[in-house]
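Good morning, everyone. Please bring up the sequence and the model, and we will walk through them together.

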Amino acid sequence: MSSLPVSRLPVSRLIVVIVAALGLLSVVPAMAQEEQSTAPYAYRQLEDPAKEEKAQSLMETLRCLQCQGQSIADSDAPIAGSMRSLVRERIAAGEDPEAIRSWLIERYGDYVSYAPQLTSLTWPLFAVPAFLILLAVLLLRRRFRRGGEQ
Amino acid sequence: MIAEFGLAALWLAAALAALQLVAGAFGLTRRGAALGGIVRPVAVVQGLLALVSFLCLIYVFAVTDLSVKLVAMNSHSMKPLVFKIAGAWGNHEGSMLLWVTVMGMAGGFVALIERRLPEPTMLATLAGQAFVSLGFYAFLLIASNPFERLSPVPAEGNGLNPLLQDLGLAFHPPTLYLGYVGLSVAFSFAIGALVTREVGPAFARAMRPWVMGAWIFLTVGITAGSYWAYYELGWGGWWFWDPVENASLMPWLAATALLHSASVLAARNALRAWTIMLGVVAFSMSMIGTFLVRSGILTSVHAFAVDPERGSFILALLAINIGGALTLFALRAATVTEGERFALVSREGALVFNNVMLSAILGIVLFGTLYPLVAEAMGAKVSVGPPYFNPMGALFTVPMLIVLAVGPLLRWRRDAFGRVGKRLVIPAMLGAAGVIALLVIGGVAFLPFIGLVLAVGLAWASLMPLRERNLRRTPLPVWGMVIAHFGIAVALFGMSSESAFSVEKLVAVRPGETTQVGPWLVRLEKVEPVAGPNWTALEAELKVRYKGSDPVTTRPQSRSFWAPPQQTSESSLLTRWNGQLYSVLGGEAEDGRWQLRLWWKPFVTLIWLGGLLIALGGVLALIGRVKSDLRRHIARDKIADRRESQGR
């Protein structure tokens, strides 16, 4: 009786390994094809930490156009990889992050930047906080002027 | 058979909700007063029937009954049981059924135990709850029947999104829904109080535990959701200002404001209209969140326009519920006076200030979330993300946190800064020390800088209300407040530290090679295949050493699920008291090297620890309130008993 579980164990493990191997055979090539962006700096950091940090903070504010709600800094999609590489290469060449952003916006439209630029289309985004501040001040003043008189 | 039974229960529950609405409304009139008596039992039975229906859905998922369309579309016979069950609410129809179930149960619970308010107010409240429920029952039965059959029966189901096959995420939606829908009770209370014009401390005391309960679930839900995104998505981010996240944050902001203004109303009979308004707004935010997530509008405005049935239905419900409530508010606002007055420098003054700040943050999040949709409808696509939300939110968060440090020390009605100034010397000095320390370290961005300094000062200040108190006799709600406010400081410290001090390393290494990230040395030992119940994976074995201490093994995986076929990276996390090492296994390069993504994130765990402390504060306050309510109840019964026996 007691030897039974022991002899069973290797068999079940063998099955696991076979299944794993079969699964991997079918999946790994597919993964290699669709996942990895081959762009040079997609998964490679810049040597200079200051430049890498600049590139990183820019990448965090650029949208991956193929993904749903992800920045290019946190996506495995090929387009995100090539955009990361583009950003790093341009930063390495000494370009200003905001210039790279404008260039990308020119090419892909406003949608690519998570930082909305002030345009005729996006001005309400900047007007609303100002309006809210005004509203808050008015509300608090009205409230406390009457309260203070008492 | 079980599916039909579930559907029948759902229809019956909807019919009872209609009865509850009609009986509640007639119960308020003089002629129909007799009808009022059935409202409470009907509400209880309605909740139970909704629960029965939901349990039926769980059953068909548990046994993988593929003749039910929803099961065939979203489940798979090879999935572990717990994910089969969780799959019941991991889809549109199931989650809406969960919504009405929670709503029905909450209404039934209120009907069963809430006896402090005048009966007409309760009738109006329960009728309001039934009205909102009825809309969602109609939505389920007409536009998204979860029990629809499928013919012919497929041999196998489509499976569940692998990202959702995670224990944390399995129980994340129910937690959030308890919060979302719990706020419906606040909404109904607000309606009930408006209808009968009974807005006062008793109303606030009756509403407060429900808001508190919902708020606790929301806090836990958001915290857990953030942690899930952090470890499951494999890139180390914990908050993306994604519309789906914002959808959960907005009700939380409104509920936080509501909680505090209800406290002012309960203690001081002030802020009446404001509290009612927030009650309406809080649940409106829940519904807007559901609309955003469930209508498909987030994927694309055009996708929504092509198949608008569900989206339009929810939109109509939104318009009816919010519009109706606001109209009622406008009609009655003149008769609801603001109540007691108070000075700017007072406990109420600080609470009002922070209520306004919370509302402004809510305004920013709401507008920033909706504006891209509006722009897309007008034909232009824009993105609004962290570079917008972080600074704009900070505009209001920073003053709010400063007032938060002072507010709890102030007296009700009228106070002077001079009196509390002494106690704030230490927090201010801590803040100054923080400024100096950060200037010495250097290179910290502006917002994390402010965050770290504020967190240190606030952490100390939040404990000040405990000074000069006998800790054993300090009431539980005070403990709750202190712990929740301390939790805010803790979470803020974690967030700021993570964005200021994180170190990232992307490398390609061969087995046997070593790399460094922050204070850690990381050596790739080997990469091996492993298998789970419905996935296979490549698993890397990493030997990591923290500053020369003993090596530890950590194993990130790259998983491949079969049904549906999808790749996910399972990050592995090593937690130390001062942060987390986050490692992810990427793909294999052609020369036999493996991609590794490594992060050292100092104090990142404080984000979620802070979130849990905030929730714990809520739990303590809730227990304290319920206990004192019970004590009052028992005392009143005893007095009544004594009077009766003396009368004899």
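Let's start at one residue. D74(A) sits in the loop between α2 (49–59) and α3 (78–92) of chain A. Helices here are DSSP runs of H or I with at least four residues, strands are runs of E with at least two, and both are numbered from the N terminus.

A word on the source. This is a predicted model: local features need pLDDT of at least 70, side-chain atom pairs count only at pLDDT 80 or more, and totals for chains, interfaces and linings use all residues. Residues are numbered from 1 along each chain as its sequence is written, while chains are lettered from A and ligands numbered from 1 in the order in which they are written.

Back to D74(A). The cut-offs: buried takes 20 or more other C-beta atoms within 10 Å of a residue's own, exposed takes 12 or fewer, partly exposed lies in between, and C-beta atoms are placed from the backbone.

What does D74(A) touch? Leaving out residues up to four places away in sequence, it touches L233(B), W235(B) and G237(B). Contact means C-beta atoms, placed from the backbone, within 7 Å. Now along chain A. D110(A) is 36 residues from D74(A) along the chain, and their C-alpha atoms are separated by 20 Å.

Chain A divides into domain 1 (35–116) and domain 2 (118–150). Their C-alpha centres lie 36 Å apart. Domain bounds come from an automatic or database domain assignment.

Next, the interface. 43 residues of chain B are in contact with 44 residues of chain A. On the chain B side, α14 (347–377), α15 (386–406), β1, β3 (520–531) and β9 each supply at least two residues. α14(B) gives the most, with 11 residues. By class, that side has 26 nonpolar, 13 polar and 4 charged residues. Nonpolar covers Ala, Val, Leu, Ile, Met, Phe, Trp, Tyr, Cys and Pro; charged covers Asp, Glu, Lys and Arg; the others, Gly among them, are polar.

Now chain B itself. Its assignment gives domain 1 (1–165), domain 2 (426–502 + 606–648) and domain 3 (503–602). The C-alpha centres of domains 1 and 3 of chain B are separated by 44 Å. Between those two, 8 residues of domain 1 are in contact with 7 residues of domain 3.

On to the cores. A nonpolar core is a set of buried Ala, Val, Leu, Ile, Met, Phe, Trp, Tyr and Cys residues joined through C-beta atoms within 7 Å. The largest has 182 residues, and A186(B), V211(B), A254(B) and A255(B) touch the most other members. Helix α9 (201–232) of chain B gives the most to this core, with 17 residues. Apart from it lies another core, of 24 residues, including F561(B) and Y582(B).

Last, a sheet. Strands pair if DSSP finds at least two bridges between them. 5 bridges join β8(B) to β9(B) (residues 579–588). There, R576(B) stands opposite G579(B).
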